[in-house]
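Here is a short briefing to read alongside the model.

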Amino acid sequence: QQVLSLTDPSRIIDFNNSELGSTVVDDYWAKIDSTYSPLTGWNLYKHVRIGCFVVSWGSSETFVETADADMTSLKCVEHCNRTQAYLQYPVCRCGLQEENLPMIEVLGECSASSWEVFREYDYRSSMSPSTYDVSRRLVYQIVTLRIPHIDPSLRHYIHAVNALESRPMFDYDTRLDRMIFNAIWDFGNSRMVALSYSDWGGTLDFTVIDFNSTSGELVVKQNHYPIQDQIVATGQLISSGVASTDGLASVDILFGTYYTVVPAVTSESTQVVHVIVAIDIERKQVSSSVTLPVTLVNMQINCLTHVLYGAGMDLEESYNYYQLCEAVNETTTIGGVTSVRINIGCALTELGALPSEVNYIHFQSAAMDHQVNYAWFTYKEEATGRPLILEYHHDSKDHILWKEDSLPENAVFSSLIQTAPRIRFALYPPALRFARFNTAGTKIFVSFDSATLRGAIPYDSDGDEIPDAINEEDKATRGPCDKFVDDFTMKLIPGALCEWT
């Protein structure tokens with residue numbers, strides 16, 4: 001939650017270019033539910049690790065210093081409060097006059113003479129809501145900083161916070177090589193997917209940012225793939241250099257599909273509507289682009305049913321809730337070769353008008369429970385009113401309005417996050433169809449309803465504790481059954497051999 005506080009006009013805030021009489025927006029993490037909200041939130045740290053620098057220290061009036069054998073980056077940031085913090089173990093310095101502390105960035109490994117520098121971000125991007133890394137339990141925010149003495153001084157970062165423990169994860173703070181938008185975390189594959197432009201006036205790219213922590217240290221790869229020419233929907237405005245940077249995005253982690261929108265116009269109205277764009281993440285190609293006669297304000301996918309939903313305004317300026325797309329896995333095996341194809345069909349199906357209380361909807365402030373097939377999003381009755389929550393039940397096409405005080409009245413934006421999406425737990429192993437003896441009683445034939453891994457053990461390739469793949473060479477064709485069958489069963493079939501056909 002971004003909570004707005006009005007600054008006392010008589011108080012001067014002397015950090016990060018804040019001005020007299022400005023407003024302050026702090027980020028909080030809070031559990032919300034329909035009965036007991038709002039609960040007390042934890043303040044999320046705004047300091048970002050911006051890198052290592054050689055600092056030219058001026059007089060003692062430009063900084064204050066402390067040293068401690070137990071000094072850590074968090075202790076240094078907390079000691080410096082909201083000023084820029086400099087750490088060179090065991091010394092921590094807090095900048096009092098940053099304009100008099102020029103610094104030069106050190107690329108690569110931090111040198112012995114350099115300092116780790118931490119600075120509060122100036123802006124949090126409204127082009128991407130906060131997104132959640134389920135396995136690492138981290139909240140990621142796209143933030144922007146203005147850093148003195150550095151060229152370019154305007155920089156963009158992925159800022160990581162362990163919200164459940166209310167502490168920053170500075171090792172995961174990542175400088176972006178370009179500004180991204182409509183970003184979302186694909187927690188099934190330890191990566192962030194988004195849209196971006198290489199430069200102002202450039203063409204639209206699909207961006208994939210991979211996180212790998214298997215070595216104990218985070219390794220980040222940022223790649224950008226041109227997709228503008230693949231978006232062929234009628235009326236799309238991408239070719240005119242216009243994009244939708246409202247944060248609308250969703251990802252089907254099981255089918256590996258990223259959904260987002262781009263703007264379009266139709267012959268029926270002057271209203272700018274949306275093109276639903278579905279991108280195959282592995283192939284880095286657009287699978288589908290369809291113009292819909294609606295301007296969307298949020299979208300969320302159920303990864304178990306592979307159905308995309310969203311709320312939006314139709315051409316009569318009425319808010320409705322829609323089914324937008326549905327994906328189907330068509331797996332075929334010909335000549336022993338198995339091919340997988342994800343077919344995506346996007347067509348507007350109205351599930352019903354939203355209640356009259358819903359007059360304003362926050363862009364992409366939405367979440368999904370995949371098991372019960374519920375969605376939540378925030379709205380307002382009046383533009384200056386308090387934020388409210390609507391719960392939508394897709395199966396029954398019904399909704400519930402949460403009680404009025406479910407969100408703080410001064411919350412200007414809330415990124416709704418389902419911290420336990422329960423997607424992976426629905427992936428059951430192959431089910432046993434039958435187990436039969438042969439006529440002689442010397443063999444047992446066992447059949448499953450789908451292919452097994454034949455004894456291969458999945459491994460985690462990116463450090464997020466979620467199995468990613470198997471080594472095909474580990475698949476067995478014949479071997480002792482005690483490698484694959486539990487001890488209880490082996491007592492009944494001692495010395496048995498298992499063979500796959």
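What volume does the largest cavity have? The largest cavity comes to about 490 Å³, in a model that is predicted.

**The chain as a whole**

- The protein chain holds two helices and 36 strands.
- Its C-alpha trace extends over about 95 × 65 × 50 Å along the principal axes.
- Buried residues make up 46% of the 501 residues in the protein chain.
- Among contacts in the protein chain with a separation of 6 or more, 51% link residues 24 or more positions apart.

**The cavity**

- The count of cavities of 30 Å³ or more is one.
- A total of 29 residues line the largest cavity, and Thr-131, Ile-184, Ala-366, Ala-367 and Leu-416 are the ones nearest its centre.
- At least two lining residues come from each of strand S11 (131-133), S16, strand S20 (249-252), strand S24 (294-302) and strand S28 (360-369).
- S28 has the largest share of this lining, with four residues.
- By class, the lining of the largest cavity has 20 nonpolar and nine polar residues, and no charged ones.

**The second largest pocket**

- The volume of the second largest pocket is about 1000 Å³.
- Its lining has 26 residues, and nearest the centre are Arg-49, Gly-108, Asp-171, Asp-173 and Leu-218.
- Two or more lining residues are given by each of strand S4 (47-55), strand S8 (103-106), strand S13 (154-162), strand S15 (174-175) and S19.
- S4 gives the most to this pocket lining, namely four residues.
- The lining of the second largest pocket divides into eleven nonpolar, six polar and nine charged residues; the lining of the largest cavity, for its part, has no charged residues.

**The sheet S16-S17-S18-S19**

- These four strands make an open sheet in the order S16-S17-S18-S19, with antiparallel pairing.
- Strand S16 (180-186) and strand S19 (219-226) are the edge strands; each has a single partner strand, so one side of each has no neighbour in the sheet.
- From one strand to the next, the twist averages 20°.
- Strand S18 (residues 204-212) runs antiparallel to S19, and eight bridges join them.
- Thr-207 sits opposite His-224 in S19.

- Strand S25 (residues 307-314) and strand S26 (residues 319-334) run antiparallel and are joined by seven bridges.
- Gly-310 has Tyr-322 in S26 as its bridge partner.

**Cis peptide bonds**

- The bond from Tyr-89 to Pro-90 is cis, with omega near 0°, and Pro-90 belongs to the loop between strand S6 (85-88) and strand S7 (91-95).
- A cis bond with omega near 0° also leads from Asp-151 to Pro-152, and Pro-152 is in the loop between strand S12 (138-146) and S13.

- Asn-81 is a residue other than glycine, yet its phi is positive, near 60°.
- The loop between helix H1 (73-80) and S6 holds Asn-81.
- Is Asn-81 buried or exposed? Its relative accessible area is 55%, above the 50% cut-off, so Asn-81 is exposed.
- Asn-182 has a positive phi of about 50° and is not a glycine either; Asn-182 is part of strand S16.
- Asn-182 counts as buried because its relative accessibility is 0%, and buried means under 20%.

Technical notes. Residues are numbered from 1 along each chain as its sequence is written. This is a predicted model: local features need pLDDT of at least 70, side-chain atom pairs count only at pLDDT 80 or more; totals for chains, interfaces and linings use all residues. Side-chain values use heavy atoms; hydrogens and water are left out. Two strands pair if DSSP finds at least two bridges between them. Axes are lines fitted to C-alpha atoms, for helices over the stretch in contact, and angles run from 0 to 180 degrees between N-to-C directions. On a 1 Å grid over the protein atoms alone, a cavity is a set of points where a 1.4 Å probe fits but cannot get out, and a pocket is an open set with protein on both sides within 12 Å along at least five of seven lines; lining residues have an atom within 4 Å of a point. Grid points are joined across faces, edges and corners, and a volume is the space filled by probe spheres set on the points. Ala, Val, Leu, Ile, Met, Phe, Trp, Tyr, Cys and Pro count as nonpolar, Asp, Glu, Lys and Arg as charged, and the others, Gly among them, as polar. Buried means under 20% relative accessible area, exposed over 50%, partly exposed in between (1.4 Å probe, protein chains only). Contact means heavy atoms within 4.5 Å.
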